[in-house]
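Hello,

Here is the structure for you to look over. My notes follow below.

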Amino acid sequence: MITGAFSFLFNERLHRVQDKGDSDGADPWVAAGTVALSLSAADGPLLFGDAIGSVVLAGAAVYDLTQRVYVTYILHHPNGQVYLGRASGFGTPYQVMMRRYSGHERRKDGFANPTLDRYAHGQLGRHAIRGREQQLIDYFGGLGHPKVGNAIRGVSQYNPMGRYYHTMSNQYFGNIAPYTGYW
Amino acid sequence: MKRTSKSDEYLFLRDWILEITRFLYNIAVKENEELASYFLSEFTGQTEIAYNRRNLRGLKCIFNDINDDANDLDEINKNSLNEILNGKFGFGLEYFNGKTLSKIKSITKRGRIENVDEYRLVSERVERIYADDKKKEELDALNSLLADFESKHKPIND
């Protein structure tokens, strides 16, 4: 849970990623953005400086590690490309990401240096992470962009639940990219 | 499971999705009432729309998603859900998990992923087994299929 103590970090992160100006702003749920601060979600510690990161990690330690955690992560290629993905499992979000990375199919292509983006718990958190993965892909330019190493969308454009996942991600993490599905 | 017509398939997909959605809502509502209500209204609403429009692809997307959600439940809740599904449909989640595994085996035997739907199927399986040391051999084989498909698949928004 993001407590009041972490809310400024949450907002700081949002401002940072929204500098790109991609917020679609058309989503009615965005207006209720403060809801996100009471949910089981938190910023990825590796995106912050070390000092701040340690505070977030301390907060993360209160989680029930027997509960499944859902994460989004970023892999980096020396040529500047990124690969955006999601994973789930048990343990700390960082452990889940690293375990997934250890057997990741894109390692052989040179993708490395995994960075934890966001994480969440529970059924609703799972849906938020699905939306977040797609928003990350779109944030970096979408499929086919030279910066993006993904060849497949996180959520199919034909998936009727695409907009719902997008909205859930907005609620949990804030919006970083416009909706790109058909429905 | 015996299906007699396309209409039966649409009806089955709708009813199956709605049954699981209601079950998951009762769990999600303990997390956050407002967002759980949103989840319920969106899943039921989009399912009804897809059903009324005879959008089989859309229904199958929701069907796969809701089954994945259900498979993430803890054992107690999964057993409770399976009881409900068995009572209403005569089979539970394992029936479709078995079908999915058979499909993945046939993809593995073929040695390549042929389309995005298969990619997502294999990818979801990898997600389920990546932390299981006993399944390392299967994981390596599936990873190889995924990497091969990604390297050959032209990125398109599908």
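A residue is buried if 20 or more other C-beta atoms lie within 10 Å of its own, exposed if 12 or fewer, and partly exposed in between, with C-beta atoms placed from the backbone. By that rule, 28% of the 158 residues of chain B are buried.

This is a predicted model: local features need pLDDT of at least 70, side-chain atom pairs count only at pLDDT 80 or more, and totals for chains, interfaces and linings use all residues. Residues are numbered from 1 along each chain as its sequence is written, while chains are lettered from A and ligands numbered from 1 in the order in which they are written.

Now the interface. In chain B, 36 residues contact 32 residues of chain A (C-beta atoms, placed from the backbone, within 7 Å). Helices 1 (6-28), 2 (33-52), 3 (56-71), 6 (116-129) and 7 (136-152) of chain B each supply at least two residues of the side that touches chain A. Helix 2 of chain B gives the largest share, nine residues.

Helix 1 and helix 2 of chain B pack at about 175°, axes 9 Å apart (lines fitted to C-alpha atoms over the stretch in contact; angles run from 0 to 180 degrees between N-to-C directions). They are therefore roughly antiparallel (over 145 degrees). Among the residues that meet there are Tyr10(B) and Arg14(B) from helix 1, and Phe39(B) and Tyr51(B) from helix 2.

Best wishes

Key
Two residues are in contact if their C-beta atoms, placed from the backbone, lie within 7 Å. Helices (H or I, at least four residues) and strands (E, at least two) are DSSP runs, numbered from the N terminus. Angles under 35 degrees count as roughly parallel, over 145 as roughly antiparallel, 65 to 115 as roughly perpendicular and the rest as oblique.
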